[in-house]
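Me: Could you take a look at this one with me? I'd like to go through a few contacts.

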Amino acid sequence: MNNLKQIFLRGIFQDNPVLILMIGLCSVLAVSVTTINAIGMTAAYSFVLIGSELTISAIRNFIPKTLRIPIFIIVIGAFTTIIQLLVKAYSPSLDKSLGIFIPLIVVNCIIIGRVEAFSSKNNLIASLADSLGMSVGYGLVIVSIAFIRELLGSGTIFGIPVYPPFIKPMLIFVLPPGAFFIIGIEIAILNAINKKLSRNKGQ
Amino acid sequence: MKSSTKEIVVLGITLGLVSMIAALGLSITYSVTKPVIAMQAKKALENAQKEIFPDALEFVRQEDMIGKTNGSTIIKDFYIANSSENTRIGYLVSATTPGYGGIIYFIIGVTMDGRLKSVKVSEHTETPGLGANITSKGFLGQFVNKKLSDEFVVKKDVKAITAATISSKAITKGIKALIDLSQNSEAGDTK
């Protein structure tokens, strides 16, 4: 039980996919313009990650070593297409604003990375803990970046304007450099937290 | 030799099985979502039609106009709006034109007295906060009731968006190209 908690928390702190492993940055930078987009992206991404990790973990003993990458890609591709169709059918506005980034989940390195490094070697429950941790880790980062960018760059929270009309929002935060500023600051903060955590553990 | 052949067969079967299961999952999702997606697209189209011509009774699609180009502006869809049988009140054209950051999808409504009824940008990838303002009412509003014979030149009779001149020019050029295109065909129609 403790071990599962460890696996889950690792996805948020020591092995946070975006801030520590530095993978999957493309979608984080591109989609984090509005909070709604970030939440939608997190949902789509979590669906694919959890589905793929569980599937691969369930069939891990049947996968021949030489075939593992093609099978991973088929599984991830299938889940991505399923979520893409679902989003298109039930949330067309989200589909419009996320655009190309949903199909691009297929090549998101977090997913193939976790499937290869973790769930192809671990059982179902551990894979579930890992995929949940990685999803929460990803979601916290992208949603917090999006919230700050939206607030500073567009002057809105969930699309509702919060600034008095005479204050102009800082446009740079909606543009790509703004994303880099915030992601840099978040990396620094998480590194500081991790340092503190490991020091506490050492004592 | 024998064992390697067997191995290849086993690999092939495994890969085939995995692909088949994946294909099954996909086809089930596809067949469930296909009607819903089609309905959503239809609803979006009807909403756009109703918004631009609230008093039209029916919209007749003009298949022969679809795909016509003028410069880099391409007609994607063309509807004639009728208020009752044979009473044309205008037409509705959706088209694409290249913008600053990608293709802009837009819809124009034109009334029979030679004025623009409305311009809507339905999809675009312009810079957020700058070019993305081409969707704003403040910008598109200036096209409402504009005469088709006007010049459509940014900074002359069209006000540009601050710091987004290229996007403003792109959509204005697209609108003008589209008007010319539909006017010409209109003239050809009556011949």
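Reply: What follows covers a helix pair and then the contact between the chains. This is a predicted model, in which local features need pLDDT of at least 70 and side-chain atom pairs count only at pLDDT 80 or more, whereas totals for chains, interfaces and linings use all residues. Residues are numbered from 1 along each chain as its sequence is written, chains are lettered from A and ligands numbered from 1 in the order in which they are written, and side-chain values use heavy atoms, with hydrogens and water left out.

Me: ok, at what angle do H1(A) and H7(A) cross?

Reply: The axes of H1 (residues 2-12) and H7 (residues 124-154) of chain A cross at roughly 25 degrees and come within 6 Å; axes are lines fitted to C-alpha atoms, for helices over the stretch in contact, with angles from 0 to 180 degrees between N-to-C directions. Helices are DSSP runs of H or I with at least four residues, numbered from the N terminus. H1(A) is therefore roughly parallel to H7(A), a term for angles under 35 degrees.

Me: and which residues of H1(A) make the contact?

Reply: Leu4(A), Ile7(A), Phe8(A), Arg10(A), Gly11(A) and Ile12(A) make it from H1(A), meeting residues of H7(A) including Ala129(A) and Leu140(A), where contact means heavy atoms within 4.5 Å.

Me: switching topic, how many residues of chain B contact chain A?

Reply: 21 residues of chain B are in contact with 21 residues of chain A.

Me: how many salt bridges across that interface?

Reply: The rule finds zero salt bridges between chain B and chain A, taking a side-chain nitrogen of Lys or Arg within 4 Å of a carboxyl oxygen of Asp or Glu as one.

Me: and what's the buried area?

Reply: About 1800 Å² is buried between chain B and chain A, with carbon and sulfur atoms giving 84% of that area; buried area is the accessible area (1.4 Å probe) that two parts lose on being put together, summed over both.

Technical notes. Helix = DSSP H or I, 4+ residues; strand = E, 2+ residues; numbered from the N terminus. Parallel < 35°, antiparallel > 145°, perpendicular 65-115°, else oblique.
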